[in-house]
Amino acid sequence: MTTPQVEAFLEMMAVERDASPHTLSAYARDLADAEASLGAPGLMGADETAVEAWFASLSTRGLSAATAARRRSAVRQFYRFALGEGWRADDPSRRLDAPKQGRPLPRTLSREEVVALLTAASAREGASGLRMIALVELAYASGLRVSELLALRVEAVRRDPAYLIVRGKGGKERLAPLNTSAREAVKTWLATRDAARPEKAPDSPWLFPSSGASGHLTPRRFAQMLDQAAIDANIDPARVSPHVLRHAFATHLLEGGADLRVVQTLLGHADIATTQIYTHVANDRLTQVVNRHHPLAKED
């Protein structure tokens, strides 16, 4: 059972911090885990010793570093909220430091692999192939998150725009560019999409409509389609996902000399530190190119 204090905290996260439903659900699970582990005192009655023991137990339960770190963060934020609301006179988590976790480099694809994916999609016959080309071209050309991509409204592309206005995390709007290749793919898909609609049937508001509950293509279905395209392109499907196309967009821009601040804006990152992770991937790639092709590079 969720306590009134936890419910109030989650409501605050939703209203004041605009947390997504996914984040709220994860925090609810994290706090429920803490409540169960702390026993009778629960979060509201636990002292520093009890909270410290719960923190220590996370590393022995086989949780991933990211999950353990999120659970620590959820409990810390809850206690800061409880302190501010006057529910507690102390913060039993204030002296407990989360272990620093190394941030994994994002998976990405080479330019040649992106071309191979598009080639595999173009080999499909009919509307499914044209839809797949439009999806990959849009994702790679604009760096859209998969939720932003699949929720695109058809009216947004009817006039062949050079930019899309995208509402991302926190309701913030940004401009997402479309190159010539993406625009051509979208126009071709639109013509096929419109022609397939039965006469007098109402038009779907979505660019990529579906018969499911959401009315548009789901991230899960798109991921399945990408898996098949990867197999057709002789790429390990474990290396390909909708988000990997976003990673490829950022990495290839940086490799081409784009300014980090520009890439941050295009990705919709609030903090440039989030964008900087791509510089490591780009630098690794550039080092490999130099070592492979520079005339003075030494072979091992």
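The model is predicted: local features need pLDDT of at least 70, side-chain atom pairs count only at pLDDT 80 or more, and totals for chains, interfaces and linings use all residues. Residues are numbered from 1 along each chain as its sequence is written, and side-chain values use heavy atoms, leaving out hydrogens and water.

**Stop one: helix α6**

Select residues 111–122. This is helix α6, with 12 residues. Helices (H or I, at least four residues) and strands (E, at least two) are DSSP runs, numbered from the N terminus. From first C-alpha to last, α6 reaches 17 Å, close to the 16 Å expected at 1.5 Å a residue. That expected span is 1.5 Å times one less than the number of residues.

Now colour E113, V114, L117, L118, A120 and A121, which are buried in α6. Buried means under 20% relative accessible area, exposed over 50%, partly exposed in between (1.4 Å probe, protein chains only). Look down the axis of α6: its buried residues fall within an arc of 160°, so they line one face of the helix. The arc is taken from the directions from the helix axis to the C-beta atoms.

Which helices do they pack against? Show α7 (126–142), α10 (219–232) and α11 (242–255). Contact means heavy atoms within 4.5 Å.

**Stop two: D18**

Go to the loop between α1 (4–16) and α2 (21–38), where D18 sits. D18 is partly exposed, with a relative accessible area of 43%. Leaving aside neighbours within four places in sequence, D18 is in contact with M13, G170 and G171. D18 and G171 are 153 residues apart in sequence, yet 8.3 Å apart in space, C-alpha to C-alpha.

**Stop three: strand β1**

Select residues 163–167, strand β1, which holds Y163.
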